[in-house]
Every structure is written in C-alpha cells, then in structure tokens.
Amino acid sequence: MFVMFTNSSYYLFVGWKANPVEFDSVFNRSRHTISFGSPDIVPIFCSSLPHSTWGTYPHEYEDFATDASFLDHWSFDQFQGLLNRSFEDPKLRQLLLQDKLVIFLHLLGCDTNGHAHRPYSNIYLNNVKVVDQIAESMYNLMESYFNDNQTAYVFTADHGMSDKGSHGDGHPSNTDTPLVAWGAGIRSPKFLAYTDKPDDGFRFVDDHKHDMPTPQNWALEGFERVDVNQADIAPLMATLVGLPCPLNSVGSLPTHYLKLSKADEVEAVLANTKQILNQFLRKSQMKQSSSLYFKPFKPLANYSSVLDQIEDLMSARDYETAMKHSEELRRMALAGLHYFQTYDWFMLMTTITLGYIGWMVNLIIHVLQSYTSFPANLVKRTQVYAKNTSMKVYIIGCLVMGFSSIILLLEKCPLLYHAYVFMTIFLWTRIVHNFEFMKAVWRYLSNMPFKSIMNLLNISVIALFILEFLVMSFFDRKLYTWCFLILGILASTCVAIFIQASSALAIYIWFACWFLSLFTLMPAEIPENNNLVIFSGALVILIATASRWMATNNTSFWLYLTRANKRDPQFSKLFFVQVVFVAISSIMVWLSTSHRSQNKELHPLHQLINWLMAGVALVLPLFSPSSVLSRLTSIFLGFAPPFLLLSIGYEAVFYSAFAMVLMGWIFVESANLYCSEQNGSARHSSVVDGSIFGYDERCLQLSDLRIPLLFTILFNVAFFGTGNFASIASFEISSVYRFITVFSVSVCIIWILSTKFLSF
Ligand SMILES: [Zn+2]
C-alpha cells in the first residue's frame, strides 16, 4: 500500500490531452487507485482506469487572483471524507483493506501560487506550510486507519520554479525536485558523519550533476544523499507496492531507497532489467520486420547468455557479481532503446539537409532568372534548349520519386518521411531541369573581369559572416548589442558621406541603433516594472507624432524620404483614434496592476476595456494611408495597445526603439534611392505624385543583398530583444491578469506565443 503527493504539473507543449499515447503506469498495475486533485492531471491517469476512485475540483477553482492553497485542502478533505464514509460502507472498507492499493494526492497549490504571487511571497510560503501540514495529517490519518505499518510514502514534485515564478527553461532550479520516501520497505538514511560529502558520481539524465547542496537548515548534515532521475520513481513505487514495473518505464530502480535482503535486491533489479530489455527486444523486432536492410544493435546480441549467467550466479549466491551483471545489462538495454529511437536519424538528416540546399539553389536560380539584369539573350538561349530536355528530366524525377515511395512504403515509414523525400526530390529535379542555365551562369562568371569577381567574393563573404553571426546569436543574445553599436556608426557614417543631404538623419540613425543595442543586454527574465510600461505608452505617442509630422514636412527631399502623399491630411482622424487607444491602454496597465497589488479580483469592466483595446487596435491599421511611413506609423500605433497590455517591463520600451530603427531604415533606403536617381540621367516626376508604386521597376543589383540581410537581423532581434529561447518555455503570467484570471493550458500556450510574436 502506498501514498504519493506531488504539487504541480503542466505538460505544456507535449500532447495536451488525456492519454495522448497509450501508456502503462503504476496506477494501471495497481489493484485499486484512489486519487484526488487537479482536473488537468488526475484524469490523465484515472479516466480510463476501471479500478480507480477519483475526484477533481472544477476548472474554475484554479483562479490566479486568489490564494490557491485551498485546492490542497480540498484534495485532502476529499480523501478524509472517503475514509470516514468507509466506516458505514462495508464495500468501500473492503476495497480499502486490500493490498496493492495506490493513493495519489495531487497538490496544485504551490504551482498556482508560485506563478501568481512568486515563490518568495507570503502566500507561497504559507502554501508550503500547508503542504507540510497535509503530509503530516495524511500520515497520521493513514496510520490510525490501517494501523499495520504496511504503508510506504513517497513525496515528490514534477518540477521547481525560478525566483520569478516561471518554469520550463531547463535550469536546475526548475528540474531538481525533492524526493522524500519513508514507511514500509524503505531503508533508513545512512549516517556518514566523519567523511566529507562523497561524490557518488551520479549524473541526471541530461548529464548535469546536482549542484544544489542540501540547505543547512534542513539539519541533514552528515546523512547520505541519494539522487535519482525522475523516471526512476516509477520502478521505485512499483517495487514498494510489489507490482511489476510499468511497461513503458525507462527508469532504473534506485536500490539505495529500499530495505531488502541482498537476494531480493538482485531479484528486483533483474526484474527491472528484464522489463527494459523487453522494450528493447520489441523495438528491435518491429524494426527488423519492416526494414529491408536491418542493422541490429550488436552489444546485445548475446543477451540471453548473459541472463543465464546471472541466473547461475544467483543460484550460486554470488549476489555481488549478479548485481553487477544485471546493472550492466540494463545499461546496455537503455543504450539499445536509444539506438532504435535514433535509427533513421542519418537518413532523415541527409534528406532534410539536401532538401534545404535544394530550396536555396532553386531560390537563387529563380531570382537570377526573374529579377536581375542577367544577359537577356543568355536566358532565352537556355530556355529554347531546355524545352527539349525538360520532358526527360521530369520523367526521370517521377521515376526516382516512385521508386523511393515504394521503398518507404515497404519499410512502413510514417507519412512525414514521404513528405520529406518528396520535397527533396522535387526540388532537385527542378535544379537538374535548369542545368543548362546554371552552366551559362558559370560561363558568364568565369569570363567576368577580375575586379567584379573580387567584388562578388567580398559580398558573399560578408553575407556568410552575417548569417554565421545570426547562428551565434542563438546562443548569446548580447551579440546584438555589438551588432547595433557597430551598425549605428557604420550607417550614420555612410549617410553622412554618401547622402550628405541631411546631418539630422545621420544623427537620428546613430541614436536609434544605439538605443536598440541596450535591450539585448537586459536580463532574459524580464523584471517587473510597470512604470516603464506606462512611460513606454507616452514614448509610443511621441514617436508616432514625430513621424506623422515628418510625413507632412514640405521640402521635396523629405517628401521623397517619407514617400508621403501630399493629399494626406496632417493629422487624420484615424491617427487621433489610435493615439487615444494607446493612451487608454497605458492607463489600463496602471489601473489593472494597482488593482491586483491589492489582491483584488480583476474588475469585469477593466477586463472588457482591455480586450476591446487590444482587439480593435489590431484592426485599425487596415484603414491607414498607403504611403510607406504613414502605413508604418499606423501599424506601430495599432500593435502598441496589445503589446503594452501584455508587457511587464522593459520590453515595452523595446517596441519603441525597434520602431525607431525600422523608420530609420526606411529613411536611409529612400535617401539612397533619391540620390541614385538624382545622379542618374532620368529623374521622374513621380516624387510629387508619391504613391509607393510610382517608381520605376528596376533590376536587382548585387548591393541589394543588404536589404534581406538587414531584414533577417531585424527579424531576429525582434525575437531576442525581449528574451531568448528558454524564455518561450518558461512563462510569466503577471500580464495575463489584465485579461483573464482563470487559467487554462491552451490559453497559456497562445499567450506565450503571442507575447513573443507581437514584437515581429
Ligand atoms: Zn506551473
């Protein structure tokens, strides 16, 4: 018999439905399971289990605005009620007196309160005390009810939390959880008083060593500490209750926790080994039956003789050696499982890499053919030539595709593999189809003067360097600070030297780039600061007004720069409406937050206004004038209200800085066009008439490569400016209060993504 508590769990991105895959659990194996707790967790295990008694509170109870510790009381009270009822219900009493009974209390309070009020808040600390009390009451309740010393207790959690109340980024404070076990079948701790803390060499499944020393005030100094992987808890629980390990478990039985004789210990480990070995054998069998050319996992070829050897050792009572052999066999079985999980890896990586390369080559061919001043006769000649061969190429492509489909079908590969292979073959058929064109390009390149070749090489090297830089920035977002510091100097120098028209423009570019460079220095976990959000609202209005004023400035150079239309009214009605929306959003941020800091529930009126602001503001840019700067200003204003309402700190200011750089970029590109057209022979009168389509279409030049490169940098900085990859997974929900208070997982996922992608 056995009881377990755990305090939280949200499987965010992994199949969020009850029983996403058929899986075996300790509950499945038990004679009967009793469980109370969160409606998100308990049904996963119990909803399709006939031998279970369970209950959950309604979703509405998970209200982030209040103290959630009552959820824990609820679970305990339900269980206590069940025990009390059993005194009058002989059937229930009989059920409870059976062996192999598993009782599972899921205590969500700490998770909810940690997210809502942070782990150092009084509400959270109080909730920890509540959990402690429930553990004690549970123990007393069980011992007085059964009074037979046959209950084992396992107390654990599925994850921890950062100081800011978020989890999911893989930091040890998120992944290291307590495991406390006591009761029947559990060994008492070893006392190691006079040795230094020995390193038992334990590594967690992701290979990190535990780096958190046991806190001093736990008064556990001198006692042996035994770490386990979370997966190891399932075999521990199964062994304690006397059940076989769950079928799909990959955990290794932590024998340090068990009070067993040497013989029983080897028996238990051997059972665990056989269970994992069987998974391996089944996987191997399935792969063999569907593969045309099967490569077995060699180290386990003689597994049956090893098993026999272990049996022999056990009957000879050489438990030490038997244990060593079983543990080694279990390690190999786990390695074998990994081998089959990554069996198709090489084939898939090759296909996908070839697919990506094919896509890039196709794009280059397309751009060269359609948008460049590549000698027109060259293109024509190859097209005539291609007509004769294109039929053949496509037929061969189809044959290759059919052949590989048959192989994939025979190997019973998933549908996705077909899609990968199809894509790759299709793209490469197109490349072969353009082979003559590519040959012509090559001839053209090899006849080019040395100077142009050097020029081309230079630009390619710079482009490669920038792309490589983007890859590096995935690991260290601070690189963007350097990037924009340098870009600020470079761009403003270029503007000052080549465009000369306006020194104000150079200074503006310099300032905007350096301002933006600040944000990637800030912590990825955004500290809460509502004053910044409110200040940012004012900044947005200021920038928008300035840009609006520029758009209506009268000199022809500026008119050209901003691509403005003279007919646009200086301050249109739409502009005023948008500014008012931003102002109201700022005020609402302040109102909702001050309301929450008094621990009051979200006012329905505030909620309504917030939804309205965010929703309507997003639609307004559709009605903006079509000239480039006015359109950008309108989009900037339109996304500001939802962004402000979702912001909690510096990222709100980032939005303005980002917009300033975007506007600066538009100015520089327009100024560049203006100058090149002034230098050129034909200047068109389209300046006055001014719509964005008013300019001549021109061929792409090599220097235009700068535009997609800058775009990619800005696209990435929109993401990294306010966080990193880890901060997608670890979520921060203070801003959620401005819209909802009752939490559901799907909302949460949308939330994280929307806060991240609004900045794009
Ligand atoms: Zn959580």
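**Reading helices, cores and contacts**

Author: Let's start at a helix end: α5 is followed by R118, and the phi of R118 is positive, near 75°. Bear in mind that this is a predicted model.

Reader: How about H32: where is it found?

Author: H32 is in strand β2, residues 32-37. H32 has 18 other C-beta atoms within 10 Å, so it is partly exposed. Leaving out residues up to four places away in sequence, H32 touches H51, S52, L95, Q98 and L101. H32 and D99 are 67 residues apart along the chain, yet their C-alpha atoms are separated by 8.7 Å.

Reader: Now helix pairs. At what angle do α22 and α23 pack?

Author: The general idea is that an angle over 145 degrees counts as roughly antiparallel. Here α22 (residues 604-619) and α23 (residues 628-646) pack at about 150°, and their axes are 7 Å apart. That angle is why α22 is roughly antiparallel to α23. The crossing of this pair is left-handed.

Reader: Which residues make the contact between α22 and α23?

Author: On α22, they are N610, M613, A614, A617 and L618. On α23, they are G638, F639, P641, P642 and L645. The residues of this contact divide into 8 nonpolar, 2 polar and no charged. For reading lists like these, a helix has 3.6 residues a turn, so residues three or four places apart point the same way.

Reader: Give me another pair. How do α10 and α11 pack?

Author: α10 (residues 303-315) and α11 (residues 319-341) pack at about 155°, with axes 8 Å apart. These two helices are therefore roughly antiparallel to each other. The crossing of α10 and α11 is left-handed. Residues in the contact include V306, I310 and L313 of α10, plus A322, H325 and L329 of α11. The whole contact divides into 8 nonpolar, 4 polar and no charged residues.

Reader: Last topic, cores. How many residues has the largest nonpolar core?

Author: To belong to a nonpolar core, residues must be buried and joined through C-beta atoms within 7 Å. The largest one in this model has 56 residues, and those with the most contacts inside it are I509, C513, L516, A640 and A657. Several helices supply at least two residues each, including α17 (479-499), α18 (503-517), α22 and α23.

Reader: Which helix gives the most to this core?

Author: That's α24, with 13 residues. As for I509, set aside its neighbours within four places in sequence, and it is in contact with G488, A491, S492, V495, G664 and V668. There's also a second, separate core of 43 residues, which includes L71, L105, I134 and C245.

How values were computed:
Residues are numbered from 1 along each chain as its sequence is written. This is a predicted model: local features need pLDDT of at least 70, side-chain atom pairs count only at pLDDT 80 or more; totals for chains, interfaces and linings use all residues. Axes are lines fitted to C-alpha atoms, for helices over the stretch in contact, and angles run from 0 to 180 degrees between N-to-C directions. Helices (H or I, at least four residues) and strands (E, at least two) are DSSP runs, numbered from the N terminus. Angles under 35 degrees count as roughly parallel, over 145 as roughly antiparallel, 65 to 115 as roughly perpendicular and the rest as oblique. A crossing is left-handed if the near helix is turned anticlockwise from the far one by less than a right angle, and right-handed if clockwise. Two residues are in contact if their C-beta atoms, placed from the backbone, lie within 7 Å. Ala, Val, Leu, Ile, Met, Phe, Trp, Tyr, Cys and Pro count as nonpolar, Asp, Glu, Lys and Arg as charged, and the others, Gly among them, as polar. A residue is buried if 20 or more other C-beta atoms lie within 10 Å of its own, exposed if 12 or fewer, and partly exposed in between; C-beta atoms are placed from the backbone.
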